[in-house]
Amino acid sequence: MADSVVLDAVDLHILRLLQNDARTTYRELAAEVGVAPSTCLDRVARLRRTGVILGHQLRLDPAKLGRGLEALLLVQVRPHRRELIGPFVDRIRGLPESRALFHLTGPDDYLVHVAVADPADLQRLVLDEFTSRREVARVETRLIFQEWECGPLLPPSPSPSMSAD
């Protein structure tokens with residue numbers, strides 16, 4: 001993996017803490033991981049510079065913003081050609097209802113996570129913004145009942161067969 005960055009235990013601890021709360025101060029991080037605040041600042045700067053840390057995001061509750069119904073839309077685009085894909089992706093990414101867009105392998109070309117007000121709003125979105133497009137051959141809708149966040153993203157652990165004895 002040419003794009004991988006070598007991370008030590010301190011880097012991993014910093015990443016774990018920041019993923020749980022990106023507002024953690026450098027002083028708090030340093031105390032938790034057992035390094036000086038200046039060292040912690042340097043470490044985080046290196047993690048940003050090398051692209052391990054891409055940014056910080058503010059998480060919002062869609063229901064509190066009037067978008068209490070979330071769904072996954074499986075979208076098939078035909079023909080699946082580059083000149084159609086760019087405008088399609090740009091349009092879907094620009095929709096206020098769109099939360100995430102994934103390009104897939106398999107029978108479906110895209111998975112779109114959307115947040116809408118209610119079933120009527122979801123129907124309007126599917127009909128007006130998806131199936132009305134000539135390149136969209138099919139849309140399947142899956143309602144999201146509940147979502148859980150998973151643990152922090154860390155590099156894979158070395159496999160037992162790769163460890164030196």
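This is a predicted model: local features need pLDDT of at least 70, side-chain atom pairs count only at pLDDT 80 or more; totals for chains, interfaces and linings use all residues.
**Entry 1: strand β3**

Buried here means under 20% relative accessible area. I counted along β3: seven of its seven residues are buried, so the strand is largely enclosed by the rest of the structure.

**Entry 2: partners of β3**

Next I looked up which strands pair with β3. β1 pairs with β3 in the antiparallel sense, over seven bridges. Within this pairing, Ala71 stands opposite Val114. Val75 has Tyr110 as its bridge partner in β3.

β2 also pairs with β3 in the antiparallel sense, here over five bridges. I noted Val112 as the bridge partner of Leu101. The hairpin of β2 and β3 has six residues between the strands. One of its residues, Gly106, takes a positive phi near 95 degrees. Most residues other than glycine have a negative phi.

**Entry 3: strand β1**

I then followed β1. How many bridges join β1 to β4? I found eight, and the two strands run antiparallel. Ala71 turns up again: its bridge partner in β4 is Leu143. Eight of the nine residues of β1 are buried, so β1 is also largely enclosed by the rest of the structure.

A cis peptide bond joins Arg78 and Pro79, with omega about -10 degrees. Most peptide bonds are trans.

**Entry 4: the cores**

Which residues have the most contacts inside the largest nonpolar core? I wrote down Leu73, Val75, Phe88, Leu122 and Phe130, in a core of 19 residues. β1, α4 (82–94), β3, α5 (119–130) and β4 (136–144) each supply at least two residues of this core. The largest share, five residues, comes from β1.

Leaving out residues up to four places away in sequence, Phe130 touches Leu73, Val75, Phe88, Ile92, Leu95, Val112, Leu125, Val136 and Val139. There is also a second, separate core of twelve residues. Among them are Leu7, Leu15, Leu18 and Leu47.

**Entry 5: the pockets**

Last, I turned to the pockets. The largest pocket holds about 2,100 Å³ of space. I listed 46 lining residues, with Gln19, Gln57, Glu149, Pro152 and Leu153 nearest its centre. Which element gives the largest share of this lining? It is α1, with five residues. α1 (9–20), β1 (69–77), β2 (98–103) and β3 (110–116) each supply at least two. Sorted by class, the lining has 26 nonpolar, eleven polar and nine charged residues.

The second largest pocket holds about 190 Å³. Its lining is made up of Leu58, Leu60, Pro62, Leu65, Arg67, Pro96, Glu97, Ser98, Arg99 and Ala115. I sorted these too: six are nonpolar, one is polar and three are charged.

Definitions and conventions: Residues are numbered from 1 along each chain as its sequence is written. Side-chain values use heavy atoms; hydrogens and water are left out. On a 1 Å grid over the protein atoms alone, a cavity is a set of points where a 1.4 Å probe fits but cannot get out, and a pocket is an open set with protein on both sides within 12 Å along at least five of seven lines; lining residues have an atom within 4 Å of a point. Grid points are joined across faces, edges and corners, and a volume is the space filled by probe spheres set on the points. Helices (H or I, at least four residues) and strands (E, at least two) are DSSP runs, numbered from the N terminus. Ala, Val, Leu, Ile, Met, Phe, Trp, Tyr, Cys and Pro count as nonpolar, Asp, Glu, Lys and Arg as charged, and the others, Gly among them, as polar. A nonpolar core is a set of buried Ala, Val, Leu, Ile, Met, Phe, Trp, Tyr and Cys residues joined through side-chain atoms within 4.5 Å. Buried means under 20% relative accessible area, exposed over 50%, partly exposed in between (1.4 Å probe, protein chains only). Contact means heavy atoms within 4.5 Å. Two strands pair if DSSP finds at least two bridges between them.
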